[in-house]
Amino acid sequence: MSKLVIVESPSKAKTIEKYLPGDFRVRASLGHVRDLPKNAKQLPKKYKKKSWARFGVDTENDFQPIYVVNDQRSKKALKELKKELRGADALYLATDEDREGEAISWHLIEELAPDCEIHRMVFHEITRTAIERALENTRKIDENLVEAQETRRILDRLVGYDLSPLVAKKIKYGLSAGRVQSVAVRLLVERERERRRFKTGSYWDLKAQLDKKGEEFEAVLREVDGTRVATGKDFDENTGKIAEGKDVLLVEEDQAKEIVANVEGRSWTVNNVEERAYKSRPKPPFITSTLQQEASRKLGLSAKQTMSLAQKLYENGFITYMRTDSVNLSKQALSAARNAAAKLYGKKYVAGKPRHYSSKSKTAQEAHEAIRPTGDNFVHPKKSELRGRQKRLYDLIWKRTVASQMANAQKTSIRVDIEIADDEHTYEFRANGNRIDFAGFMRAYVEGADDPEAALQDQERLLPELAKGESVECKSLEPIGHETKPPARFTEASLVKILEEEGVGRPSTYASIMDKITRDERYARKKGRTLIPTYMAFAVTGFLESHFPDLVDTQFTARLETDLDQIAAGKGSKVDYLHEFYRRQGAFGDQVHEGDEKIEPKEARVVDLEEFPATLKVGRYGPYVQLERDGEKKTVDVPEDVPPADLTMEIVEEMLEKREKGPETLGTHPETGEEIFLMDGRYGPYFQLGERTDDNKKPKTASVPKGKKPDEVTLEEAVQLLDLPRYLGEHPDDGKPVEAGIGRYGPFVKHKRNYRNLSSQDEVFTVSLEEALELLNKPKGRRRRKVLKELGKDPDSGKEINVLDGRYGPYVKLDKTNASLPKGTKPEDMTLERALELIEEKRAK
C-alpha cells in the first residue's frame with residue numbers, strides 16, 4: 001500500500017516528492033476544488049427558487065454555504081485524486097499553511113470522503129528537513145482556520161453580490177464593488193481630492209558653489225539677519241501661503257537677485273562646524289507587503305507579478321512561504337543569515353547577537369515566519385541557477401535577510417554654517433555633509449537601491465575639512481525658484497503600505513486588490529507606476545460614502561479583519577459575526593434594500609469635485625459636464641486623460657468653444673464640391689464628406705490614419721482616404737474589379753471575397769494592379785504586423801518587445817505572447833515596464 005500526498009500545484013508536488021520516502025505519491029489538486037456557485041444556475045435544483053439562491057449562501061439558516069464543483073478542471077482533478085486514493089492507506093494534506101490552504105484541505109476531505117488515515121502536514125519551506133519534520137508532526141484539520149476562511153468568503157459574497165448589482169443599477173451597468181477593493185479605491189480618491197484642494201506656493205532661495213583649496217561643495221541660504229528662510233514645509237497646502245504661526249522670511253525673486261548683487265566680492269567665513277555620530281539599523285526581513293513594495297521600487301514589478309514569482313520560488317524550494325505578516329526568523333534562519341554575512345563580508349560585519357524583530361502591523365500573526373531563503377545554509381543567488389526575474393527577486397530576499405543580521409552602519413552627519421554680510425544684512429548659508437564611518441549592513445543591502453556599493457557612494461556627501469573662522473571662496477551664487485508640490489499620488493507599493501498600516505486586507509489579498517482596481521482601467525489607470533483614480537472611481541466612492549460609509553472606512557474594515565482573526569483563533573463565531581453584519585435590523589442587508597428603493601440614479605452618477613461650479617457626471621460613454629450658457633443646457637465630454645485633480649472650468653470652456661465652432665473644414669472635394677470636415681468621434685478623429693442631413697443621413701467617413709495627428713493630414717490625403725476603396729483595374733480571369741482599401745483589420749487588396757493584407761497604409765495609394773494580382777495569387781499567410789513602437793529588450797530573455805498594429809487594435813508582443821493595450825492607452829505612451837506587466841498578466845491567465 002502507498003501513501004498519497006495532495007498539494008495545490010504540480011510544481012510544488014514535483015519539489016516535495018523528491019524529499020519523501022519511495023512509498024509516497026504526490027499529486028496536485030490545482031487549487032480550490034470547489035467554491036460557492038457563481039450564479040443560481042450552478043445551484044442544485046432544490047435550491048434554485050430560494051430567496052437566497054443568487055448568493056449560494058442560505059442567509060436564513062445560519063449562513064450555510066452551498067458548495068459546488070463548478071469547473072471542468074476541478075472535476076477532472078477530483079476524478080484523478082479519487083482514483084489515486086483507492087490504493088492508498090493514508091492521505092496527507094500538504095496544502096499551504098494559511099487559511100486558504102487549510103480550507104482547500106477541508107474541501108478535499110469533504111469531496112474525496114477518504115476511508116483511510118488522514119493527516120494534515122504543515123511546513124513553511126520546502127526543504128528535506130522541513131518536509132521530514134512535517135511528516136513527524138502531522139495534525140488534524142484546524143476547523144477554526146476553515147471557519148475564518150469560510151466567513152471571509154461568505155462576507156465577500158454577500159457584499160459583492162448585493163452591492164455590485166446596486167452600483168450597476170444606479171451608476172453604470174457592469175460595475176462591481178467589493179469590500180476591501182472599495183477601501184483601496186477610496187484611498188486613491190482621497191489623495192486626488194487632496195491634490196485638488198492643494199494650492200501651490202512659490203519661494204526662492206540661493207545656492208552657492210564654494211571652494212576650499214580646490215575642494216568644491218554646495219551651501220544653501222538658511223537665514224537672513226537671524227530669521228530662517230522659508231522652505232516648502234512652511235506653507236499651508238490649502239492656501240499656498242506661509243502657514244500661520246511660522247516665523248520665517250519668504251524670499252521673493254527680486255530679493256534673491258538683489259542678495260546676489262549685494263554680496264558680490266564679499267568674504268565668506270565659516271561660522272560654525274558641528275559633527276554628530278549616529279547609527280543606522282538594518283530593516284527587518286521581508287513580509288508580503290514589504291516584499292511587494294521593494295520589488296516595485298527596485299525591480300519595477302507589480303504586486304501581482306511579485307507574488308507570481310515568489311510563488312514559483314516557494315514551490316521550487318528557494319524561499320519560505322510568501323504570504324506572511326510576521327518578521328520573525330527561526331533559530332535556523334538566524335544562524336544561516338549570520339553565517340552568510342560572516343563568510344561574505346567578515347565577522348566584524350555581523351551583529352554582536354542575533355537580531356529579533358517585531359511587527360508594526362496592527363494584526364500581524366507572529367506564529368509565522370518572515371520571507372527568507374530556505375534551509376540552514378542559504379544558497380547564494382549566483383549559485384542558485386535561477387534566471388531572469390526569479391533570480392533578481394531571490395537576490396532581493398537573500399540580501400534583505402542576510403542584512404537583517406548584520407551590524408549597524410555607523411555614520412557622521414556634518415553641518416557647516418558660513419556667514420557673509422553686505423552693508424545692511426547678514427546672511428547665513430549651510431552646507432550639509434554625511435560620512436559613512438562603517439558600512440555595516442549597507443554592504444549587503446540598501447533599501448530602494450539596486451547596487452549596495454553604488455548606494456554607499458550616493459549616501460556619502462563629503463565636505464572638505466573646515467574650521468571656525470576659515471575663509472572659503474565663492475565660485476558662483478545662483479538664485480533658485482521653487483514651487484510647493486501637492487501630495488504624491490499612490491503607486492502600488494505605497495498603496496499596499498498604507499493598507500497594511502491601517503490593517504486593511506491580508507498578505508494573501510494585496511496583489512488581487514491591486515489587480516482589481518487597475519483591471520480595464522475602470523477605477524484607476526497607470527501612468528508609469530502612478531495610480532490615477534478615474535471619474536468612475538470618484539462616482540462609486542461618493543456613492544458608498546453617502547449610503548454605505550462603513551464599507552469605505554479603513555477603521556471599520558480593519559475591525560472586520562480583527563474579528564476574522566478572532567474566529568481563526570477559536571474566539572469568535574461565524575454565525576454571530578455574519579448575523580451582526582448582515583441580518584440584524586439596520587445592518588447591511590437592510591441598507592441595500594433601502595438604497596434600492598430610495599437612491600436616484602441621476603444623483604448617484606454625479607461626481608463631486610471641490611471648487612468645480614458645473615455638474616460633472618459619469619455616463620455610459622464616460623464622464624461629462626452639464627452647464628448652462630445663454631439659457632441653454634450644454635453637455636461637454638471630459639477626456640479620461642484629464643485627471644480629476646486637474647479638471648478646471650477653463651478646460652471645459654475650451655472644449656465647449658471648440659465644439660460650438662463646429663467641425664474644422666479642410667476644404668472641398670475637387671470632384672463633388674462637398675466640404676470635408678474633421679470630426680471628433682468616440683473612437684478618435686475622422687474625416688466626413690459633406691454635412692449630415694435628412695437626405696444624406698450617412699455621409700462618407702474615413703478615420704485619420706494611425707500614427708498621424710489630424711493637423712498633419714493634408715486636404716489631398718483626406719480626399720484620397722475618402723475616395724477609398726481605390727479601383728485598380730479588372731481581374732484578367734473574370735473581369736471583376738480589383739480594389740485597394742483600409743478596413744477593420746488594416747490596409748488590403750481584394751478581388752471579390754479574396755483579400756490580402758498590405759504592409760502599410762501608404763501602399764493603398766501606390767500599389768499597382770500587377771502587384772495586387774501577384775499578392776492575390778499567393779497563398780494566404782500570416783500577416784507581418786507593423787511595428788508602432790520599439791520598447792527594448794526583455795531583461796529576462798533578451799528578446800525584443802514591441803507595440804504592433806493588430807487586427808483588433810494595438811498590442812505588445814514578446815516571443816509568442818501577445819497582450820492587447822488597455823482601452824484608451826496610446827501606442828506612443830506605452831513603456832517597457834508597462835508592456836512587461838501586460839505580458840506577465842497574459843501569461844498568468
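In this predicted model, Ala 184, Leu 187 and Leu 188 of helix α6 meet Leu 495, Ile 498 and Leu 499 of helix α13. By class, this contact of α6 with α13 consists of six nonpolar residues, with no polar and no charged ones. Helix α13 covers residues 492-501, and its axis and that of α6 come within 11 Å and cross at roughly 115°. The crossing of α6 past α13 is right-handed.

Helix α6, which covers residues 179-197, also packs with helix α16, residues 554-568; the two axes come within 10 Å and cross at roughly 150°. An angle over 145° counts as roughly antiparallel, and therefore α6 is roughly antiparallel to α16. On the α6 side the contact is made by Arg 179, Val 180, Val 183 and Leu 187, and on the α16 side by Thr 554, Thr 557, Leu 560 and Glu 561. These residues of the α6 and α16 contact divide into four nonpolar, two polar and two charged. Here α6 passes α16 in a left-handed crossing. Leu 187 of α6 takes part in the contact with α16 and also in that with α13.

| Helix pair | Axes come within | Crossing angle |
|---|---|---|
| α6 and α16 | 10 Å | roughly 150° |
| α6 and α13 | 11 Å | roughly 115° |

His 119 lies in strand β6, which runs over residues 117-120. Is His 119 buried or exposed? Its relative accessibility is 17%, and the cut-off for buried is under 20%, so His 119 counts as buried. Its side chain makes a polar contact of 3.1 Å with the side chain of Glu 117. A polar contact of 3.3 Å links the side chain of His 119 to that of Thr 138. Apart from neighbours within four places in sequence, His 119 is in contact with Ala 90, Leu 91, Tyr 92, Leu 93, Thr 138 and Arg 139.

Several loop residues come next. Ala 230 sits in the loop between β9 (227-228) and β10 (235-236). With a relative accessible area of 2%, Ala 230 is buried. Which residues does Ala 230 touch, not counting those up to four places away in sequence? They are Tyr 203, Ile 242, Val 248, Leu 249 and Leu 250. Tyr 203 is 27 residues from Ala 230 in sequence, and their C-alpha atoms are 7.4 Å apart.

Some backbone values also deserve a note. Most residues other than glycine have a negative phi, and most peptide bonds are trans. Phe 63, which is not a glycine, has a positive phi of about 55°. Phe 63 is placed in the loop between β3 (57-58) and β4 (64-65), and is buried at a relative accessible area of 2%. Ala 113 likewise has a positive phi, near 45°. Its place is the loop between α3 (99-112) and β6, and Ala 113 is exposed, with a relative accessible area of 57%.

The peptide bond from Leu 724 to Pro 725 is cis, with omega near 5°. Pro 725 is located in the loop between α21 (715-722) and β26 (726-730).

Technical notes:
Residues are numbered from 1 along each chain as its sequence is written. This is a predicted model: local features need pLDDT of at least 70, side-chain atom pairs count only at pLDDT 80 or more; totals for chains, interfaces and linings use all residues. Side-chain values use heavy atoms; hydrogens and water are left out. Helices (H or I, at least four residues) and strands (E, at least two) are DSSP runs, numbered from the N terminus. Buried means under 20% relative accessible area, exposed over 50%, partly exposed in between (1.4 Å probe, protein chains only). A polar contact is a pair of N or O atoms within 3.5 Å; within protein, one must be able to donate a hydrogen and the other to accept it, and residues adjacent in sequence count only if both atoms are side-chain atoms. Contact means heavy atoms within 4.5 Å. Axes are lines fitted to C-alpha atoms, for helices over the stretch in contact, and angles run from 0 to 180 degrees between N-to-C directions. Angles under 35 degrees count as roughly parallel, over 145 as roughly antiparallel, 65 to 115 as roughly perpendicular and the rest as oblique. A crossing is left-handed if the near helix is turned anticlockwise from the far one by less than a right angle, and right-handed if clockwise. Ala, Val, Leu, Ile, Met, Phe, Trp, Tyr, Cys and Pro count as nonpolar, Asp, Glu, Lys and Arg as charged, and the others, Gly among them, as polar.
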